Each structure stands twice: as structure tokens, then as C-alpha cells.
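Let us walk through this model piece by piece. Keep the sequence and the 3D view side by side as you read.

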Amino acid sequence: MSMNHVYKFHAWLIKTGQQNHPPSLRRILLWCAATPSPKSLSYFRALFAYIPSPDTFAYNTIIRAHVAAHSSPSHAVSFFTQMRQRGVLPDNFTFPFLLKACAHLQLGQDVHALILKLGFHSDIYVQNALVSFYGGCGSVELALNVFHAMHQKDLVSWSSMIACFANNGFSNDALALFWQMQLAKNVMPDEVTMLSVISAVSSLGALELGQWVHDFINKSRLKLTVSLGTALIDMYSRCGSVDKSIEVFDEMSSKNVQTWTALSTGLAVHGCSREALRVFYEMKKAGLQPDHMSITGILVACSHGGLVEDGWRVFKSMKNEYGLEPMLEHYGCMVDLLGRAGLLSEAYEFVEKMPIRPNSVIWRTLLGACVNHNNLVLAQKVKKRLNKLDRYHDGDYVLLSNAYGGAGRWVEKANVRNSMRARRVNKKAGSSSISVDQIIHEFISGDNSHPQSQDIRDFLDRILESIKDTGYTPLTSSVLHDIEEEEKEHTLGYHSEKLAVAFALLSVKDTRTIRVMTNIRICRDCHSFMKHVSAKFGREIIVRDRNQFHHFINGSCSCQDYW
């Protein structure tokens, strides 16, 4: 119902003297709560002030309305405080609404204490709300304590705990709980559950698990909604199979902006820049207006594909065509676009003229571009700007060190190492993971904690020797330490990506694609290694690094050495 109807109905109540009639008041309160806009909430608060003795229902309704608006959680908490001051008792419906407001404000411990005091701690609705609340605040252990204390668990209980794990980076725990959920009686996963499960699989980048989850959704006869389909498109992309993303996209009968964006962004990070642009313009033809996320995705595509003119065209269209104000991330994409293309002076000038103050990420992007294009003068200039914002980021020192190493300036390279020691900055260890027969194995550079560590290293040594015959030469200039050339080769040899690939070749004898996830940007030496191994062993290797996917086939990479 529109607010005009609410105004007319309220006027009629006043005219007929029924403005304090409880059933009529309930009706008008529910109408206001159903359309929580700033205007309706303001009217709601004014109306509420004239209620002589608001009861629990009235307070629950106004608290719920302010929580649903997302922009007014503090009002919700204020009304609860007023409720307590007036001696109106909360019920089991009050606390789920209140906890949602507290999650936005990072409050809630006191509310939990009150729940215990009033005896609502064993109510399933309140318990579910507590699990969601603690999950939203990142307090996974507290959420788990509430979950384990529940004598009865329903679908919401399981889904909330799975979401808590998935949203806080505990992907393996989320999947383990999902398997456990399937053993529970009378509980079947729904769309909400599966969205959290898909999110967990996406974070792990485990394609086999992703395909199993997709099959589970089909067998469970869950409808392929827009939300579910979009999540699957994103999952397949992040698991390294953009072809599967396209299949899901084509299968969907209804699509929104997020669906199109998921596909175009997926194509972008897989090096299919032209295809990503085509999808973007097809979305426009379908009558959908791009949003900030859509623009970010397509600027990434232009950056990865070296499409400078297209990137400028899209960036300028934000204001001119779509009425969108560019955000910091869009400026960052443009710096990356110009930097990758070697237009370093233009990129530096762009940063200097930004209407928003550039953060360390933007300067770091430009520093990386300076290093890649061997512009030491500008790299030093950019590093000085970075020091003012974040002087303890290990990646900045590594980038500058690589630049000096590449130019053969070993004294300056050693000075960078000394600066790191003086400031107690440690280089973050690279880690990579790989899924073999639905078991995820993790490797850390230079680490021997894997049960098969010695066998893997011995096999990797043999691989390194064999591909030297096909032209592979270790790129030792990227090694940070001031050590002998032979030791540098040894250090490079045990990077986590190489260990993961060696393990895959040792464990899987068929021609399955090798899929590796790594937490940092792949170095030039590992990139060269992957190309040679893909040719030598006739295996496709897909590496998902911090920025994009690299598909290595027969000695070539999908990025065309432009990354």
C-alpha cells in the first residue's frame, strides 16, 4: 500500500475518533512497516509518539521496520531501550529483530546477557538470531557455542551456521557442516543454504566439489533462481571453468544485472576480454542499466586485455551515459589499465589529478607497473608516496627489490633488504592449494610439512632439469636474498605453485587439467615454468593467482604474457 493510502486511512481514523482503536492502530503500523523508507519511517515515529500505551506488538513492529530499512539500526536500538524503560516486556520476536540491528552497530553482548536473564536462551527463533548475529560480527566461536547448545535445530539453524563459516573464511568447516546437515532428520537444504555452500566452494576454488554441489542442486529439484544461477556462474568462474559459467548463464530463463556482471567479470579474469565486452554491451541491449560493479568488471576486462581505448570509453560513460560517480576502485582499474599498457607517465598524471585521494592500493598498482616496465626512476618516486601511506607492506619492498634485481643494481637491492630488516617487515610466504580426488592439499613456499614432501621435491628437481632442455631458464633476479646464483635457483624451485604442480603430476597420471590456487601474484619465473611444463607433459594447467586466471596450454598462456 502506498503512503498516500496510509495518510488517508489515518485521517479517517482521526475524523471518526478511532485513532486509539487497537485493531486499527495495528493495521496502520503494519502498513508503515511494510514500506520502510525514510519518509514512511519519519511518519511512523511521529504516529508512534501519539500511541498512549504501546504494547509489545507495537514496539516489535517499529523495531522491525527500522531494521528492514538498513539505514536506521540506531533507531531500532533506541526504541528497544524505550521499551525497557516503560516496562514493556519483550518476547521471542523482539530479539531476532533487535539482534539484526545490533549486528549493524557491532553491539549485542549485553543483549545476549538479557536474553539469558529473561529465559529466552532456549527459544529456537532467538537462538537462530544469535547464531546469525555472532556470524555477522565475525565471532565464529561464539556462534558455534550457541549452535552446539541448541537441543533442536531447524533449517534456519543449519543454514545460519553454514553461512557463518562461509562468510568468515572457514570454507572447509562450512562444507563439513553441510555434509553433517544431510544426516539430520527432517531437514532439507534450501536456496539460502546452497548459496552459502556455493560461496564456500568458490573460496576454495575446488571445481570437483563445485560440480558435486551443482549436481546436488539438480537432484534436490531446487529451482534455478536468479540468485542461485548467478552464484553458480561466479563459482564456476572462480573454480577455473568459465565454460561451465556460460552453460549456467545460457540455462537461466531470467537474469538481472548481477547475473550479467558475474559472467562478464568471469570472462575478464580468464583473459577473455573481448568476450567480456561483448557480454557487457549485450546486457545493455537487453535493457539493463550497468551499476558500479558492472563497470568495475568491464574495466578489469579492458585492463587484462590491453584495451586502453575501450577502457577510457567505459570510464567516461559512467558519468556521461549512466549518471554514475566513479569510485576509488574505478580509478584503480584505470591506473592498472594504463600501467599494464606501459603508459606510466599518463598513469602517474591520472593519479595526481584524481578528485578522490588515492589510497595505498592505487599507488601500489602503479609501483607494480613501473617494475614490470623497468622504470626505476618513477618506481622510486611512487615508493616514496607509498611510504607516507603504508610503510610496512611487504609487497612494496619486494616489488622495488625485483626492479633493482632486474636492472642488476645489487647494492640498492641489498638496501631494500636492509630496510625490511630495520622495520621488521617480513615477506609473506606464498601458499598454493590443489584439489585431488576432492581432497584439498596446501603447499607453502620452501615448506616440507606435506606427508609426501620429499618425493614431491625430488620429482620437482627432475622436472626442473628436464625443462631446461626445452629452454627454461630460472629468472633469479626476483629472489630477494643476496645469495649465490645456485642458491637462488634452489629458492625459486620450491615456490608453492611449483610444488603443487609437481604433486599433481606425481599423483594424477591421466590428462586431467591441473588447477592451482595461489594467494599471491604469480612470479615471472613460475609463469615461465608453467608454460614449459604444459608443453613438456601435455597437460593443461590453470593457475588462479591474486589477480586473475592463467590457462597454460602447449607452452602458451591465456594472458599472452600480458599480466
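Both faces of strand β4 are covered. I541 and V543 lie on one side, I542 and R544 on the other, and all are buried. Buried here means under 20% relative accessible area, with exposed over 50% and partly exposed in between, using a 1.4 Å probe and protein chains only. Strands (E, at least two residues) and helices (H or I, at least four) are DSSP runs, numbered from the N terminus.

This is a predicted model, in which local features need pLDDT of at least 70 and side-chain atom pairs count only at pLDDT 80 or more, while totals for chains, interfaces and linings use all residues. Residues are numbered from 1 along each chain as its sequence is written, and side-chain values use heavy atoms, with hydrogens and water left out.

Strand β4 has a partner in β3: the two pair in the parallel sense over four bridges. Two strands pair if DSSP finds at least two bridges between them. V516 stands opposite V543 of β4. 

Now take the whole sheet. It is open and has six strands, in the order β2-β1-β3-β4-β5-β6, with mixed pairing. The edges are β2 (439-444) and β6 (556-557), each of which pairs on one side only. Helix α28 (residues 496-507) packs on this sheet. It touches β1, β2, β3 (514-518) and β4 (541-544). Contact means heavy atoms within 4.5 Å. The direction of α28 makes about 15 degrees with that of β1. Such angles run from 0 to 180 degrees between N-to-C directions, with axes fitted to C-alpha atoms, for helices over the stretch in contact.

At the β2 end, β1 (residues 431-436) and β2 pair in the antiparallel sense over six bridges. S432 stands opposite F443 in β2. I434 has H441 as its bridge partner in that strand. The hairpin of β1 and β2 has two residues between the strands, and D437 takes a positive phi near 55 degrees there.

Helix α14 (residues 226-238) has 13 residues. From first C-alpha to last it reaches 18 Å, close to the 18 Å expected at 1.5 Å a residue. That expected span is 1.5 Å times one less than the number of residues. Its buried residues include L228, L232, I233, M235 and Y236. Which elements do the buried residues of α14 pack against? They are α12 (191-204), α13 (207-219), α15 (242-251), α16 (257-269) and β5 (549-553). Just after α14, G240 takes a positive phi of about 95 degrees.

Helix α12 holds S196. S196 is buried, with a relative accessible area of 10%. Leaving aside neighbours within four places in sequence, S196 is in contact with S159, I162, A163 and A166.

Turn to the cysteines. A search of the whole structure finds zero disulfides, a disulfide being a pair of cysteine sulfur atoms within 2.5 Å. C164 counts as buried, at 3% relative accessibility. C559 is in no disulfide either. The nearest cysteine sulfur to that of C559 belongs to C557, 3.4 Å away. C559 is buried too, with a relative accessible area of 6%.

The whole structure holds 23 aromatic pairs. Rings of Phe, Tyr and Trp (its six-membered ring) pair if their centres lie within 6.5 Å; planes under 30 degrees apart count as stacked, over 60 as edge-to-face and the rest as tilted. F48 and F79 have ring centres 5.3 Å apart and planes at 75 degrees, so the pair is edge-to-face. F48 lies in helix α3 (residues 38-49) and F79 in helix α5 (residues 73-85), so the pair ties together parts that are 31 residues apart in sequence. F48 is buried at 3% relative accessible area, and F79 is buried at 9%.

F133 and Y134 form a tilted pair, 5.0 Å centre to centre with 55 degrees between the planes. F133 counts as buried at 4% relative accessibility, and Y134 is buried at 2%. Finally, ring pairs link F178, W179, W212 and F216 into a cluster.
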